[in-house]
Amino acid sequence: MAKGPPRGSQPHEWPIRHLRVARGLTLNQLAEAVQMDPAHLDLIERQSPNASPTLVELQRIAAVLKCSVDDLGQA
C-alpha cells in the first residue's frame, strides 16, 4: 500500500492555518489576538503531539477566526 505524504507536510491543509491564511492573518497576528505564544500556536496549527490546546484556547482561536471550534478541525 502506497503511503501519502507525512501528516503536516502540506501547511495549506492544516485546518487552523488554512482558516488563518484565508482571513489574511499572520501567525504572529493571530497569536497576539488570542494572547498566545506564537510558538505554541504554531504547534497547535501543525497538530503536533506536543501541543495540547485547551477548549478555552480553541474558543479564542475560533472567535478571532470567526468560526466554530468544530470548524477548526474540518477546514
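Predicted model: local features only at pLDDT ≥ 70, side-chain atom pairs only at ≥ 80, totals over all residues.

Analyst: Asp42 sits in helix H3 (residues 38-45) and Arg17 in helix H1 (residues 15-22), so the pair ties together parts 25 residues apart in sequence.

User: Is Arg17 buried or exposed?

Analyst: Buried means under 20% relative accessible area. Arg17 has a relative accessibility of 16%. Arg17 therefore counts as buried.

User: Which residue meets Arg17 in a salt bridge of 2.8 Å, and how many residues apart are the two?

Analyst: The side chain of Arg17 meets that of Glu45 at 2.8 Å, N to O. Arg17 is in helix H1 and Glu45 in helix H3, so the pair links distant parts of the chain. Glu45 is buried, as is Arg17. The partner is Glu45, and the separation is 28 residues.

User: Which residue meets Asp42 in a salt bridge of 2.9 Å, and is Arg46 buried, partly exposed or exposed?

Analyst: The side chains of Asp42 and Arg46 form the salt bridge of 2.9 Å, N to O. Arg46 has a relative accessible area of 35%. The residue is Arg46, and Arg46 is partly exposed.

User: How many salt bridges does the structure hold, and which residues are linked in a network?

Analyst: The structure holds four salt bridges. The residues linked in a network of salt bridges are Arg17, Arg20, Asp42, Glu45 and Arg46.

User: At what angle do H1 and H3 pack, and what are the residues of their contact?

Analyst: The axes of H1 and H3 are 7 Å apart, at an angle of about 115°. That makes H1 roughly perpendicular to H3. The contact residues divide into two nonpolar, no polar and four charged. They are Ile16, Arg17 and Arg20 in H1, and Asp42, Ile44 and Glu45 in H3.

User: Which residues touch the most other members of the largest nonpolar core, and which element gives the largest share?

Analyst: The largest nonpolar core has 15 residues, and Ile16, Leu30, Ile61, Leu65 and Leu72 touch the most other members. Two or more residues come from each of H1, helix H2 (27-33), H3 and helix H4 (55-65). The largest share is four residues, from H4.

User: Which residues does Ile61 touch, not counting those up to four places away in sequence?

Analyst: Contact here means heavy atoms within 4.5 Å. With residues up to four places away left out, Ile61 touches Ile16, Leu30, Val34, Met36, Leu41 and Leu72.

Conventions: Residues numbered from 1 in each chain as written. Heavy atoms only, no water. Buried < 20%, exposed > 50% of the residue type's maximum accessible area, 1.4 Å probe, protein only. Core = buried A, V, L, I, M, F, W, Y, C linked by side-chain atoms within 4.5 Å. Axes fitted to C-alpha atoms, helices over the stretch in contact; angles between N-to-C directions. Parallel < 35°, antiparallel > 145°, perpendicular 65-115°, else oblique. Nonpolar A, V, L, I, M, F, W, Y, C, P; charged D, E, K, R; others polar.
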